[in-house]
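Hi everyone, thanks for coming.

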Amino acid sequence: MVNLTSLSTELDWLLRILVAALCGTAIGYERATQRKSAGIRTHMVVAVASALFMLVSKYGFFDLLSLHDISLDPSRIAAQIVTGISFIGAGTILVRREQISGLTTAAGVWATAAIGMAVGAGMYVIGIVSTVFLFIKHCKRNGRSRSDQTSGRNKMRCKTNILP
């Protein structure tokens, strides 16, 4: 059975992948400026892959759902994204001498997957707004990042005053 989709549908799906890539890149940029191991490429790949999984989950089995003899739950693919990303995130968390590192990186990758899922499902606004919130999470009221105030080595400036 050949499944032909319209050009406008295919373009919509490509837009979703592009928006997910841009959101992942923005989050990855913020993490890269903090000199974290999971940077632009990692977050972009997670967002794009999550969006792609959501598209497959939402539309990939549409032709099979119309058959009467087949019963399946395509949302299971989306549920497995959370499990898979959680497994990857667990590998980034390290405990050394009662010091925990990698927790924010793991949470960032997990959140990036959720953003990719939202964009893949066509929920652009919450995906983009969530990206903005994650991008500016280190901003203080005076416009300086937390690492800029403490370490002095990272000079990234946040010029938004969205968060109090």
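Let me begin with how the elements get their names: helices, of at least four residues, and strands, of at least two, are DSSP runs numbered from the N terminus. With that in hand, take Glu 98, which sits in the loop between strand E1 (94–96) and strand E2 (99–101). Please keep in mind that this is a predicted model.

Most residues other than glycine have a negative phi. Glu 98 also counts as exposed, since its relative accessibility is 80%.

You'll find Arg 35 in the loop between H1 and H2, and with a relative accessible area of 57% it is exposed. While we're on backbone angles, helix H5 is followed by Gly 122, whose phi is positive, near 90°.

Now let's step back to the whole chain. How many helices and strands does the protein have? There are seven helices and two strands. Reading from the N terminus, the order is α-α-α-α-β-β-α-α-α. Of the 164 residues, 34% are buried. The protein exposes about 10500 Å², with carbon and sulfur atoms supplying 64% of that area. And if you take contacts between residues at least 6 apart in sequence, 60% of them join residues at least 24 apart.

Next, please find helix H2, residues 40–59. H2 has 20 residues, and at 1.5 Å a residue they should span 28 Å; the end C-alpha atoms are 28 Å apart, so the two agree. Which residues of H2 are buried? They are His 43, Val 46, Ala 47, Ser 50, Ala 51, Met 54, Leu 55 and Ser 57. Looking down the axis of H2, these buried residues fall within an arc of 165°, so they line one face of the helix. Over on the other side of H2, Arg 41 and Val 45 are exposed.

And what does that buried set pack against? The buried residues of H2 pack against H1, helix H4 (75–92) and helix H5 (103–120).

Ser 57, in helix H2, counts as buried because its relative accessibility is 6%, under the 20% cut-off. Leaving out residues up to four places away in sequence, Ser 57 touches Pro 74, Ser 75, Ile 77 and Ala 78.

Ala 78 takes us over to helix H4. At 13% relative accessibility, Ala 78 counts as buried. With residues up to four places away in sequence again set aside, Ala 78 touches Met 54, Ser 57 and Met 117. There's also a pairing across the sequence to point out: Ala 78 and Ala 121 are 43 residues apart in sequence, but 9.9 Å apart in space, C-alpha to C-alpha.

As for helix H5, it is mostly covered, with 13 of its 18 residues buried. From its first C-alpha to its last, H5 reaches 26 Å, close to the 26 Å expected at 1.5 Å a residue.

Let's turn to charges. Side chains of opposite charge can pair when their charged atoms come close. A search of the whole structure finds two salt bridges. One joins Asp 12 and Arg 16, with the closest N and O atoms 2.9 Å apart. Those two residues are four apart in helix H1 (residues 7–33), so about one helical turn separates them. Is Arg 16 buried or exposed? At 7% relative accessibility, Arg 16 counts as buried, whereas Asp 12, at 26%, counts as partly exposed.

The other salt bridge links Glu 30 with Arg 31, where the closest N and O atoms are 4.0 Å apart. Both Glu 30 and Arg 31 are buried.

Last stop: the surface. Val 125, Ile 128, Val 129, Val 132 and Phe 133 make a nonpolar surface patch of about 410 Å². Val 125 lies in helix H6 (residues 124–135), and at 63% relative accessibility, Val 125 counts as exposed.

That's my tour, and I'm happy to go back to any part of it on the screen.

Technical notes. Residues are numbered from 1 along each chain as its sequence is written. This is a predicted model: local features need pLDDT of at least 70, side-chain atom pairs count only at pLDDT 80 or more; totals for chains, interfaces and linings use all residues. Side-chain values use heavy atoms; hydrogens and water are left out. A salt bridge is a side-chain nitrogen of Lys or Arg within 4 Å of a carboxyl oxygen of Asp or Glu. Buried means under 20% relative accessible area, exposed over 50%, partly exposed in between (1.4 Å probe, protein chains only). Patches are made of residues with over 30% relative accessible area and no salt bridge: like charges are joined within 9 Å, nonpolar side chains (Val, Leu, Ile, Met, Phe, Trp, Tyr) within 5 Å. Accessible areas come from the Shrake-Rupley method with a 1.4 Å probe; for residues, only the protein chains shown count as cover. Contact means heavy atoms within 4.5 Å. The expected span of a helix is 1.5 Å times one less than its number of residues. The arc is that of the directions from the helix axis to the C-beta atoms.
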